[in-house]
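Hi,

Here is the structure I promised to pass on. Have a look at it first, and then read on for what turned up.

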Amino acid sequence: MQEQKLARGLKNRHVQLIAIGGAIGTGLFLGAGKSIHLAGPSILFAYIITGMICFLIMRSLGELLLTNLEYHSFVDFVQDYLGNMAAFITGWTYWFCWISIAMADLTAIGLYTQYWFPSVPQWVPGLIALVILLIMNLATVKLFGEMEFWFALIKVIAILALIVIGIFMIIKGFSTDSGPATFANLWNHGGMFPNGINGFILSFQMVVFAFVGIELVGLTAGETENPEKVLPKAINNIPLRILIFYIGALLVIMSIYPWNAINPAESPFVQVFVAVGIGAAATIINFVVLTSAASACNSAVFSTSRMMYSLAKDKNAPEALAKLTANKVPSNALFFSAVVVLIGVVLNYTMPEGVFTLITSISTVCFIFIWGITVICHLKYRKTRPDLAKVNKFKLPLYPFSNYLILAFLAFIIVVLALAEDTRVSLFVTPVWFILLIVIYKVQAAKIKKDVAAKK
């Protein structure tokens with residue numbers, strides 16, 4: 001019987017916009033006020049440093065994926081370089097990361113919809129969104145790419161509009177209730193580090209959260225037309241996108257309003273649009289964050305199903321989850337992930353908020369683990385397969401220094417998470433998740449060994 005394979009239905013424009021969407025989180029629209037309040041203008045340096053590290057992580061991921069076009073996700077190369085147990089733990093951990101993101105985003109969709117329809121129960125829009133995304137993802141991978149293309153485009157247009165309007169305001173010396181718009185606002189209110197080095201270091205926690213999902217473009221490798229050309233292009237453009245979308249937007253915001261005049265509880269995008277006289281600013285940004293949440297949920301539905309497919313192919317999940325439809329879509333894996341997300345949404349409405357916050361912060365620690373595993377696999381590949389490295393045209397710059405720099409940065413983030421009270425508890429709980437996975441793997445391996453012995 002011929003082995004079923006995923007279809008290569010994603011075009012260049014889909015992958016480029018998926019890469020942009022992965023690099024721009026909802027955090028920029030809603031959370032920027034909070035991070036500016038914490039670090040002041042030094043937040044720009046935090047984004048530049050984190051952005052460059054994320055670029056290096058993506059270069060190591062890209063190099064690994066292009067060594068073998070049969071790799072459909074990083075679970076495949078983790079299996080090759082670190083063994084089956086590491087692949088089992090990595091795959092299920094990544095699945096959990098995106099399941100918790102989907103739960104959070106479906107909740108957010110409900111909240112954002114209530115802005116227009118306050119009488120609609122919060123769970124209804126979330127359920128409708130999940131059903132629509134599931135139907136679209138079941139059709140073809142091309143439809144997933146098409147949805148992500150338009151979702152990402154809305155985010156891009158909103159940010160570019162802010163930057164263009166902002167630059168116009170600065171050139172004209174536009175006056176707000178906090179004084180004239182000028183680049184001098186960046187350093188005139190306590191310097192670039194108004195809250196000292198402490199505020200700067202603590203801001204990294206939120207900045208890293210903003211980049212979670214940047215690795216999603218790596219999951220599209222098995223379903224991309226011409227991956228050798230498309231993936232390097234998507235990855236190489238990451239620094240430019242970070243400069244335009246994050247640095248550009250934040251620079252403009254803090255030039256129009258001094259950092260200490262930005263309301264941490266409100267979206268700075270709304271503040272800027274209102275200042276220029278756009279009365280519907282709050283409605284526009286609510287629409288943007290609604291599509292941003294739908295985009296993240298769409299990515300979660302896609303990525304969890306592909307991860308289940310990879311795990312099932314390697315017998316690390318029920319084999320039925322590796323079944324593909326006539327359109328080469330892993331339908332069973334899609335249904336399984338959607339049902340788990342739905343259970344999570346129900347639990348989310350019945351659980352105290354603190355428990356849900358804990359789940360999402362554990363997920364962030366798990367993302368740091370995924371990035372770290374990718375870089376460790378890259379080190380192992382370079383040491384054990386110099387033949388593949390020699391012919392690879394898409395090499396990680398400054399190997400092995402880059403690898404150790406990334407790992408040192410990730411260790412630094414773990415320390416920062418330990419410093420912040422609201423994330424510290426997740427560092428103590430996360431090991432329980434990994435211990436649980438190791439125990440399940442060992443029990444499963446012992447059962448398989450016993451079955452094999454019994455057949456003999």
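Is Ile-197 buried or exposed? In this predicted model, Ile-197 has a relative accessible area of 55%, so the residue counts as exposed. Ile-197 is found in helix 9 (residues 196-211), and together with Phe-45, Ile-48, Ile-49, Met-52 and Phe-193 it forms a nonpolar patch on the surface, with about 510 Å² of accessible area together. Helix 4 (residues 43-65) gives the largest share of that patch, four residues.

As for the chain as a whole, there are 19 helices and two strands, and 56% of the 456 residues count as buried.

Tyr-115 is partly exposed at 42%, and Trp-116 is partly exposed at 32%. Phe-369 and Phe-434 make a tilted pair, because their planes are at 55 degrees, with centres 4.7 Å apart. This pair links distant parts of the chain, since Phe-369 is in helix 16 and Phe-434 in helix 19, 65 residues apart.

Ring pairs also link Phe-45 and Phe-193 with Phe-200, Phe-204, Phe-409 and Phe-412 into a cluster. Finally, two arginines: the charged end of Arg-59 sits over the ring of Phe-394, 4.2 Å from its centre, and that of Arg-382 sits over the ring of Tyr-399, at 4.4 Å.

Best wishes

Technical notes
Residues are numbered from 1 along each chain as its sequence is written. This is a predicted model: local features need pLDDT of at least 70, side-chain atom pairs count only at pLDDT 80 or more; totals for chains, interfaces and linings use all residues. Side-chain values use heavy atoms; hydrogens and water are left out. Patches are made of residues with over 30% relative accessible area and no salt bridge: like charges are joined within 9 Å, nonpolar side chains (Val, Leu, Ile, Met, Phe, Trp, Tyr) within 5 Å. Accessible areas come from the Shrake-Rupley method with a 1.4 Å probe; for residues, only the protein chains shown count as cover. A salt bridge is a side-chain nitrogen of Lys or Arg within 4 Å of a carboxyl oxygen of Asp or Glu. Buried means under 20% relative accessible area, exposed over 50%, partly exposed in between (1.4 Å probe, protein chains only). Rings of Phe, Tyr and Trp (its six-membered ring) pair if their centres lie within 6.5 Å; planes under 30 degrees apart count as stacked, over 60 as edge-to-face and the rest as tilted. A charge sits over a ring if NZ of Lys or CZ of Arg is within 6 Å of the ring centre and within 35 degrees of the ring normal.
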